[in-house]
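This report covers the folds of two chains, some of their packing details and the contact between them.

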Amino acid sequence: MAKLTTKLLIATALVAVAGCAPKRPPVLPPAAGPAPDQGYSNNGPRDGIVPGSRADFERSVQSDTIHFALDQYDIDATARSILDSQAQWLTHYPNVHITIEGHCDERGTREYNLALGDRRANSTKNYLAARGVDPSRISTISYGKERPIALGSDEASWAQNRRAVTIVLN
Amino acid sequence: MSHHPIRRLRMALALFAFGTAAASAQTAPSVQTPTSSAAPQALAPGQTPPPLEVDVTGGISAPMPIAIPAMPTPAVVSTPAGMSDQVGRELSGIITNDLKNSGLFRPLGPNMLRPVSFPEVTAPAFDYWGGTGAQALVQGFIKANGDGTLTVGCYLYDVFSKVELTRQGFVVPPSDWRRAAHKCADMVYTRLTGEGPYFDSRVVYVSETGPKGHRIKRLAIMDQDGFNGRFLTNGQTIVLTPHLSPDQKSIVYMSYLGDRPSLYVYDIGTGRQRLLVPNAGLTLAPRFSPDGRWILFSMAEAGHTNIYRVPAGGGRPQRLTNSPGIDTGGSYSPDGSRIVFESDRSGAQQLYVMNADGSNQQRISFGNGRYATPAWSPRGDLIAFTKIGGGFHVGVMSPNGGGEKMLTDGWQDEQPTWAPNGRVLMFFRTGQGGGGAADLWSVDLTGVNERRIPTPLDGSDPSWGPIRP
């Protein structure tokens, strides 16, 4: 289990680096409720990224993706930190709606994975809601094992594919 | 894509004017329809050899050698299915392929045998065929009728006893010419094995192309031998897990249309479809009840997935399970009184059986590993499943959980579906890694006779329909 957790952390870090601009190191999650204004608007017009847009979200949060252990759907410490950064941004832009995609690795059967992906998307939604994001802004969709991002049949690939991805709807 | 495949196959009950004289020289032929008893018939009086039978229980006995020469035609004419003599050769080729794939026969097909003349069909050269080593002989003919239909005659002979065992005739529209061959193969198979027919049946499945991370999936339907396929959707949305209705007129399946993964009922005749359960969240895992009145499915709500049933024509869903975990993959017993399903309520996927109203839920799988995708045999005697643990493998167990037997040994063999006779299963096999495509395979209950179904593209999620009327 310790080994698996390490791999998960590595995989998460890889995805974060590959998918987004450089990020601050993980910080302790802030308390629920309105986030302090951290000056997101400073990032804006100069580089052409509209504040509150999908691009703004992706460069502002630690990651748009969290990961899960095999056949699990609980939000671990790494995922909490990522979701806290997402909740903070979403609280800053209260009119933005999001979809959370739930995904699985290929080691589950098709129909079970559809249900498991739904479970992962829902636990992600519930966490964001507990951090103050109005659940009516959040829709979920499960892709089961239909849309892997890592194509290998090995532990590292499977770890990347067990994920929930937050998509900002523009 | 344009024509409608639902057509009645009319049976001409062996009323062949040319054949009666030759046939009456022997014993009067009995005429069987596919629904009549398949029990072996007695040999003609005075015949001493043991009855010609195929052992279906083991994988040990050698397949029966059977000769299937090209079917002659009384006059070579052009038909919408092709030149009649060419169609006759292809009919015999289809019969050869069906019987070979069953694993119970060693056919000598039309390419290995001398052609037979039209009058010879009802007066076989038994001594010649005996010399080929064949124990049984399938002869037939094809004739183009004035009204545009085709008549196909099919005769089964015992080569050693020199008697006709059975015969059938089929009048088909040219578009259904392959069905006549499958019906003929079913006649031979049922007469010699005592098993039910399965060759004249169709499979709905998902045709796949493209990279593993973004597969293009299309709903498709084909004959069970992998031929005569057509696509029903264009691949723009993900489609999954189709199932054919018992009347074979519609397909229930899952589609990501509008990014709302939901169940749809697709009418094969009209190409129209409707949403099965409006205003619902994720709905998945649909299966028809054996009488076609209900559709069993799963619905996810707030992270929990339970099993429901809904009238096939639409209506209010009725909840059958209520567990905090994932209950899915429900499959009816052939009499409709019980349902087998999978649930992770114990902590991992296992198989459970309950009454059709959801009462009396009992776990039946207790082996090492997880169990998923149960499918109740149309014979009622077995439940097929995917077993997870160091890969996926297809196996069977009895409905009370006993007698577990694994049938396949691929890396990922998933989602078995039963042939109409309950002796053969189809499933899909996925390869490892980025190039690992999925293909359709069949295996019979011996576990020995495993074959890839020759679909034009990759394939997954097969669901075998009933024998066609």
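## A residue in helix α3 of chain A

Is A:Asp84 buried or exposed? The model is predicted, and in it A:Asp84 has 23 C-beta neighbours inside 10 Å. The threshold for a buried residue is 20 or more, so A:Asp84 counts as buried.

A:Asp84 belongs to helix α3 of chain A, which spans residues 77–92. Between A:Asp84 and A:Ile100 there are 15 Å from C-alpha to C-alpha, at a sequence separation of 16 residues.

## The sheet of chain A and its helices

Chain A has an open sheet of four strands, ordered β1-β4-β2-β3, in which the pairing is mixed. At the edges are β1 (65–67) and β3 (138–144) of chain A, each of which pairs on one side only. From one strand to the next the twist averages 20°. Strand β1(A) runs antiparallel to strand β4 of chain A (residues 163–169), and three bridges join the two. One of the residues involved is A:Ile66, whose bridge partner in β4(A) is A:Ala164.

## Overall composition of chain B

Chain B has 469 residues, of which 51% are buried. Its secondary structure consists of four helices and 32 strands. When contacts in chain B between residues at least 6 apart in sequence are considered, 48% of them join residues at least 24 apart.

## Strand β6 of chain B

Strand β6 of chain B covers residues 136–144, and nine of its nine residues are buried. Side chains in a regular strand alternate between the two faces of the sheet. In β6(B) both faces are covered: one side carries B:Ala136, B:Val138, B:Gly140, B:Ile142 and B:Ala144, and the other carries B:Leu137, B:Gln139, B:Phe141 and B:Lys143. The buried set thus includes the charged residue B:Lys143.

Strand β6(B) pairs with strand β2 of chain B (residues 64–67) in the parallel sense, over two bridges. In this pairing B:Ala67 stands opposite B:Leu137. With strand β7 of chain B (residues 150–158), β6(B) runs antiparallel, and nine bridges join them. B:Ile142 has B:Val152 as its bridge partner in β7(B). The two strands β6(B) and β7(B) form a hairpin with five residues between them. In the turn, B:Gly148 has a positive phi of about 95°.

## Packing of helices α2 and α4 of chain B

Helix α2 (residues 84–101) and helix α4 (residues 177–193) of chain B pack with their axes 9 Å apart, at an angle of about 45°. The helices α2(B) and α4(B) are therefore oblique to each other. The crossing of α2(B) past α4(B) is right-handed.

On the α2(B) side, the residues in contact are B:Val87, B:Leu91, B:Ile94, B:Ile95, B:Asp98 and B:Leu99. They meet residues of α4(B), including B:Trp177, B:Arg178, B:His182, B:Cys184, B:Val188 and B:Tyr189. By class, this contact contains 12 nonpolar residues, one polar residue and two charged residues.

## An open sheet in chain B

Four strands of chain B form an open sheet with antiparallel pairing, in the order β20-β21-β22-β23. Strands β20 and β23 (362–363) stand at its edges with a single partner strand each, so one side of each has no neighbour in the sheet. Strand β21 (residues 338–343) is joined to strand β22 (residues 350–355) by six bridges, the two running antiparallel. B:Val340 stands opposite B:Val353 of β22(B).

## Contact between the chains

At the interface, 20 residues of chain A are in contact with 29 residues of chain B. Several strands of chain B each supply at least two residues of the side that touches chain A: β12 (239–244), β16 (283–288), β17 (294–301), β20 (327–332), β24 (370–376) and β28 (412–418). By class, that side of chain B has 10 nonpolar, 15 polar and four charged residues.

Conventions: Residues numbered from 1 in each chain as written. Chains lettered and ligands numbered in written order. Predicted model: local features only at pLDDT ≥ 70, side-chain atom pairs only at ≥ 80, totals over all residues. Contact = placed C-beta atoms within 7 Å. Pairing = 2+ DSSP bridges. Buried ≥ 20, exposed ≤ 12 C-beta atoms within 10 Å, placed from the backbone. Axes fitted to C-alpha atoms, helices over the stretch in contact; angles between N-to-C directions. Parallel < 35°, antiparallel > 145°, perpendicular 65-115°, else oblique. Left-handed = near helix turned anticlockwise from the far one by under 90°.
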